[in-house]
Amino acid sequence: MIQTVTDKSEYPFEWLDLLDPNDEELKSITEKYDLHESSIKDWLQTDHLPKYEDVGSYTFIIFRIHAECVSAEADTVTELTDKVAIFMNAQTVVTLHKKPWSGPESIKDKQITQHECKNTHHLVNEIVKSCLATFDGPSAKLTRDIEYYEENMFLKNRKASLLEGLYYLRRKVEVTRRIIMLSHDIIEKMDAPNHSNTFTRDTRDLYVRLSNIYDTLFENMNQLVMIYFSISSQRTNEIVRVLTVFSVFFMPLTFIVGIYGMNFDYMPELRLRLGYPGVMIVMGAITLGIYVWFKRRGWL
């Protein structure tokens, strides 16, 4: 579907927005604006990463926005983000995206009409800024998720699904952080010295803020995973320690029972009338002695 967001009768540039164009629509746009075959090929590649490229008569940008609906187990570029392709020259901007995106309406209402975009570079800067803003909300949700896992790890009993949830959460942070890092070249070109202004600097500030947020989230996730394994190891060691203590109590008792369980005719104290209660008393004394010794050493 082709939508004319702005036209030259009202604004100094034309902006066409294409939502999941079919072959015929894509062919007409390609021929009308002389788009290179390699650019169309990049656009058709679903998992293409962000890029900025000068292609003779126009500038080609691929930017990825955060998907609106993300499943709990989403951990790939295509599951977490959607792609927006931007073709820009001095008179025209063409945007293509596979899924619905509220950017064009929002940019027209809040930026073009109110701030009077004077050229296509200013318009594309607003488009990039709008794309970046889609990562703002998910960063807050990721922060809440991390706090939830921290609370469950330190204050509550571990659940079987906790490690699985940590894995997917770490993957989300890692993939999103990588997408933002790869968008650095686009931000640098948009805020180049010959194009720098208040609006491009706002876009750069937003990029820097999001980059720092996701760097912090990534570091927190790595620490959280390490803490999880440390706590698991500590609890395993605690269980092993308890089992070891119990085995120490039973080792001398098992030794005594093993000796007097041997089938020999001539064994000392074998015919004593008080032999059985005597052995039980000795075994009780040994157990009590081990307990006192462990207590004094601070092992219990």
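## Arg-204 and its partner

Arg-204 has a relative accessible area of 24%, which makes this residue partly exposed; buried means under 20% relative accessible area, exposed over 50%, and partly exposed in between, with a 1.4 Å probe and protein chains only. Arg-204 forms a salt bridge with Glu-188, and their closest N and O atoms are 2.9 Å apart. A salt bridge here is a side-chain nitrogen of Lys or Arg within 4 Å of a carboxyl oxygen of Asp or Glu. Arg-204 lies in helix α9 (residues 198–259) and Glu-188 in helix α8 (residues 184–190), so the pair ties together parts that are 16 residues apart in sequence. Glu-188 is also partly exposed, at 31% relative accessibility. Helices (H or I, at least four residues) and strands (E, at least two) are DSSP runs, numbered from the N terminus.

The model is predicted: local features need pLDDT of at least 70, side-chain atom pairs count only at pLDDT 80 or more, and totals for chains, interfaces and linings use all residues. Residues are numbered from 1 along each chain as its sequence is written, and side-chain values use heavy atoms, with hydrogens and water left out.

## Other salt bridges

Side chains of opposite charge can pair when their charged atoms come close. The structure holds 14 salt bridges. One of them joins the side chains of Asp-20 and Lys-98, at 3.9 Å from N to O. This pair links distant parts of the chain, 78 residues apart: Asp-20 is in the loop between β2 (14–19) and α1 (23–32), and Lys-98 is in the loop between β6 (92–97) and α4 (103–115). Asp-20 is partly exposed at 42%, and Lys-98 is partly exposed at 39%.

Glu-174 and Arg-170 form another salt bridge, with their closest N and O atoms 3.4 Å apart. Both are in helix α7 (residues 162–182); because they are 4 residues apart, about one helical turn separates them. A network of salt bridges links Asp-75, Arg-170, Arg-171 and Glu-174.

## A buried aspartate

Asp-82 lies in strand β5 (residues 81–88). At 12% relative accessibility, Asp-82 counts as buried. Leaving aside neighbours within four places in sequence, Asp-82 is in contact (heavy atoms within 4.5 Å) with Phe-63, Arg-64, Ile-65, Ala-67 and Lys-99.

## Nonpolar cores

In soluble globular proteins, nonpolar side chains tend to be buried together. A nonpolar core is a set of buried Ala, Val, Leu, Ile, Met, Phe, Trp, Tyr and Cys residues joined through side-chain atoms within 4.5 Å. The largest one has 49 residues, and those with the most contacts inside it are Ile-86, Val-93, Val-124, Ile-127 and Met-221. Helix α9 gives the most to this core, with 11 residues.

Val-124 touches Ile-61, Ile-86, Met-88, Val-93 and Met-190, not counting residues up to four places away in sequence.
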